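Please look through the sequence and the structure shown here with the ligand, the charged pairs and the surface in mind. The report after it takes up these topics in turn.

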Amino acid sequence: MAYARIAGTGSYLPGRVLTNAELEKMVDTTDEWIVSRTGIRERRVAADDEVTSELAEKAARQALAMAGVGPSDIDLIVVATTTPDQVFPSVGCLLQNRLGIHNGGAAFDVQAACAGFVYAIDVANRYFHTDGAQCALVVGAETFTRIIDWDDRNTCILFGDGAGAVVLQAANEPGIIATHLHADGKYHELLNVPAGVSANYAQILEGEAYTRMQGSEVFKWAVKALGDIVVETLEQSGYGKEDIDWLVPHQANIRIIRATAKKLGLGMDQVVVTVDRHGNTSAASIPLALDEAVRDGRIQRGHKIILEGFGGGFAWGSVLLAF
Ligand code: UT7
């Protein structure tokens with residue numbers, strides 16, 4: 001059986017930094033409230049002419065360089081995004097073209113909001129088991145601030161833009177050890193953008209299709225679902241808490257991250273945290289955090305890592321991997 005192993009990571013953040021002090025001038029909020037309730041101090045905002053596929057390309061090129069492979073080696077592209085450049089083609093296809101890949105490999109997007117990256121890893125991993133994939137690019141990329149209402153203090157303080165990428169290569173040993181995905185669409189009204197092509201299209205045309213969230217409800221569900229999924233991940237894979245070196249969580253709120261770490265029995269020195277500087281970058285947050293910890297040397301070859309994400313849908317999931 002062929003396994004998928006991470007051969008390289010990359011990331012990209014837009015240059016523009018939006019601080020809590022700036023948000024204090026935009027809505028009725030304070031730096032103290034934002035930091036104490038979320039852990040966020042600043043986030044990045046893409047320039048008006050920066051599109052999701054461009055962020056994805058910059059992260060992907062770094063991951064390719066670290067893996068030591070060229071674009072033509074990539075036989076599969078899976079992009080997790082909630083904020084694609086266009087309705088279609090997918091960001092996957094646009095990214096494939098940006099990278100100059102014309103080898104006929106598959107390229108597509110996965111949409112699972114903030115759980116998108118773990119969904120994308122799960123999907124890509126299956127191609128190694130069943131379809132002979134040799135070298136895949138898996139990207140989480142978002143221009144999430146485009147769907148933010150800058151007058152809504154409940155949401156505008158939370159989100160940011162960015163992209164992260166991994167190159168997966170075929171290997172004789174994992175790699176990706178286990179993936180667990182869940183969803184329950186019953187909760188679609190608690191976190192959404194209530195407009196799209198076939199519903200409330202006028203909001204799109206008027207530039208008023210914004211993220212709406214019942215924050216405290218989502219918070220409760222996120223803590224419960226993520227606590228449950230890390231336990232499920234360990235139990236079903238036969239790993240113990242003591243086997244895990246790192247938690248690389250979705251970066252929505254430091255309080256949710258702390259609760260999940262506690263459930264795993266991990267100290268915060270074993271958790272990669274970027275929420276203070278990136279905010280919530282949706283599908284990009286996990287690969288952004290992963291790349292940071294790989295590049296600064298915290299994550300080493302052989303380390304066992306749990307990735308987890310939770311978001312709109314609700315959709316949530318985890319990945320257990322050996323780096
Ligand atoms: O990534 C996808 C998944 N998303 C998440 O996991 C996000 C989950 N939710 C959260 O992280 C938290 O619920 C928030 C950070 C969004 C909110 O924190 P909270 O502790 O749940 O606050 P709350 O929504 O219960 O609001 C408490 C109070 C309210 O005022 P009243 O009604 O008590 O007078 C809000 O109006 O805080 C008020 N509030 C604010 N105050 C200052 C809400 N937003 C702000 C703000 N600044 N930006």
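The model is a predicted one, and the distances and areas given below are computed from it.

**The ligand and its shell**

The ligand is surrounded by 24 residues, and the closest of them are Thr-29, Arg-37, His-250, Asn-253 and Asn-280. Sorted by class, this shell is made up of 11 nonpolar, nine polar and four charged residues.

| Residue | Ligand atom | Distance |
|---|---|---|
| Thr-29 | nitrogen | 2.6 Å |
| His-250 | oxygen | 2.8 Å |
| Arg-255 | oxygen | 3.1 Å |

Taken on its own, the ligand has 950 Å² of accessible area, and the protein covers 73% of this. Two or more residues of the shell come from each of helix H2 (31-38), helix H6 (153-156), helix H8 (215-237), helix H9 (254-264) and strand S12 (304-311). Of the shell around the ligand, H8 supplies the largest share, with four residues.

**Salt bridges**

Side chains of opposite charge can pair when their charged atoms come close. Over the whole structure, a search finds 15 salt bridges, and those described here involve Arg-212 and Glu-292.

In one of them, the side chain of Asp-149 meets that of Arg-212, with an N to O distance of 3.3 Å. Asp-149 belongs to the loop between strand S6 (135-142) and H6, while Arg-212 belongs to strand S10 (residues 212-213), so this pair ties together parts of the chain that lie 63 residues apart in sequence. How accessible are the two partners, Asp-149 and Arg-212? Asp-149 counts as buried because its relative accessibility is 13%, whereas Arg-212, at 34%, counts as partly exposed.

Arg-212 also forms a salt bridge with Asp-152, where the closest N and O atoms are 3.4 Å apart. Because Arg-212 lies in strand S10 and Asp-152 in the loop between S6 and H6, this pair ties together parts that are 60 residues apart in sequence. Asp-152 is buried, its relative accessible area being 13%.

A further salt bridge joins Glu-292 to Arg-298, and here the closest N and O atoms are 3.6 Å apart. Glu-292 counts as partly exposed at 21% relative accessibility, and Arg-298 is likewise partly exposed, with a relative accessible area of 29%. This pair belongs to a network in which salt bridges with shared partners join Asp-276, Arg-277, Glu-292, Asp-296 and Arg-298.

Which residues make the nonpolar surface patch? The patch, of about 680 Å², is made by Val-87, Phe-88, Val-197, Tyr-201, Ile-204 and Leu-205. One of these residues, Ile-204, is found in helix H7 (residues 201-205). Its relative accessibility of 39% places Ile-204 among the partly exposed residues, because that class runs between 20% and 50%.

Definitions and conventions: Residues are numbered from 1 along each chain as its sequence is written. This is a predicted model: local features need pLDDT of at least 70, side-chain atom pairs count only at pLDDT 80 or more; totals for chains, interfaces and linings use all residues. Side-chain values use heavy atoms; hydrogens and water are left out. Patches are made of residues with over 30% relative accessible area and no salt bridge: like charges are joined within 9 Å, nonpolar side chains (Val, Leu, Ile, Met, Phe, Trp, Tyr) within 5 Å. Accessible areas come from the Shrake-Rupley method with a 1.4 Å probe; for residues, only the protein chains shown count as cover. A salt bridge is a side-chain nitrogen of Lys or Arg within 4 Å of a carboxyl oxygen of Asp or Glu. Buried means under 20% relative accessible area, exposed over 50%, partly exposed in between (1.4 Å probe, protein chains only). A residue is near a molecule or strand if one of its heavy atoms lies within 4 Å of it. A polar contact is a pair of N or O atoms within 3.5 Å; within protein, one must be able to donate a hydrogen and the other to accept it, and residues adjacent in sequence count only if both atoms are side-chain atoms. Ala, Val, Leu, Ile, Met, Phe, Trp, Tyr, Cys and Pro count as nonpolar, Asp, Glu, Lys and Arg as charged, and the others, Gly among them, as polar.
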